[in-house]
Amino acid sequence: MKDEQTGDELIGASVFVKEHPEIGATTGLDGTFVLKNVPEVNTVTLVGSYISYQTQEQVVKTTSSQPVFFAMKPSEMQLEGVVIVASADKSTDNSTRAMEKNAAAVLNIVSAKSIEISPDLNVARSSCRAYRPDLSYDCY
C-alpha cells in the first residue's frame, strides 16, 4: 500500500475482507500485507484504509496469486476547529512528587500506588513510612 502522489509506503494501514471483517491485516514497514484464512470463494472485496486517506475497495479473485496494490489518495478536510483535551494521572509517584514540590503548604504526599504496594497494613502506617522510610518500628 502506497501513497498515490509520493509513492511512499504506508506503514500500519489496514486491509480487511469486506465480506469477513474479522479477516484483516496491517501493512508492515514496506507497505505490504498478508491476509490469512481467506475463504476460497470466487471473489472477495478487499478494503484498504489509512488515516487521512480515502478508503478504497478492490474486488480480487481468491484463486489468483497475483499481489494486490493499493495506491491511496490523500483525503482533505477543512476543519473549523480542533479541541484538545488532556488530563494527568494523579495516582503516580511522579505526579504526587510534582504536586508536593509545587505546593506551598504541603509537607509530604503519598501516592495511591505507593500505598497499594506498601507492606503496611493500613494507610496511616504507609503515610508514616513515606515520611520516615527508615522506621522499622511503630511511628505512633
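Is Phe70 buried or exposed? Phe70 is buried, at a relative accessible area of 2%, where buried denotes under 20%, exposed over 50% and partly exposed the range in between (1.4 Å probe, protein chains only).

The views below show a predicted model, in which local features need pLDDT of at least 70, side-chain atom pairs count only at pLDDT 80 or more, and totals for chains, interfaces and linings use all residues. Residues are numbered from 1 along each chain as its sequence is written, and side-chain values use heavy atoms, with hydrogens and water left out.

**View A. The aromatic pair of Phe33 and Phe70.** Two aromatic pairs are found in a search of the whole structure. Rings of Phe, Tyr and Trp (its six-membered ring) pair if their centres lie within 6.5 Å; planes under 30 degrees apart count as stacked, over 60 as edge-to-face and the rest as tilted. With ring centres 6.2 Å apart and planes at 50 degrees, Phe33 and Phe70 form a tilted pair. Phe33 belongs to the loop between strand 3 (20–26) and strand 4 (43–49), and Phe70 to the loop between strand 5 (56–61) and strand 6 (71–72), so the pair ties together parts that are 37 residues apart in sequence. Strands (E, at least two residues) are DSSP runs, numbered from the N terminus. Phe33 is buried, at 18% relative accessibility.

**View B. The aromatic pair of Tyr50 and Tyr53.** This pair is tilted, with 5.6 Å from centre to centre and 50 degrees between the planes. Tyr50 is partly exposed at 28% relative accessibility, whereas Tyr53 is buried at 15%.

**View C. The surroundings of Thr27.** Thr27, in the loop between strand 3 and strand 4, is buried, with a relative accessible area of 5%. A polar atom of its side chain lies 2.5 Å from the backbone oxygen of Leu10, and the side chain of Thr27 also reaches the backbone nitrogen of Gly12 at 3.0 Å. Beyond neighbours within four places in sequence, the contacts of Thr27 (heavy atoms within 4.5 Å) include Met1, Ala13 and Phe33.

**View D. The largest pocket.** A pocket is an open set of points on a 1 Å grid over the protein atoms alone, where a 1.4 Å probe fits, with protein on both sides within 12 Å along at least five of seven lines; lining residues have an atom within 4 Å of a point. The volume of the largest pocket, about 520 Å³, is the space filled by probe spheres set on the points, which are joined across faces, edges and corners. Of its 24 lining residues, Phe33, Leu46, Gln66, Pro67 and Val68 lie nearest the centre.

Terms used: Helices (H or I, at least four residues) and strands (E, at least two) are DSSP runs, numbered from the N terminus. A polar contact is a pair of N or O atoms within 3.5 Å; within protein, one must be able to donate a hydrogen and the other to accept it, and residues adjacent in sequence count only if both atoms are side-chain atoms.
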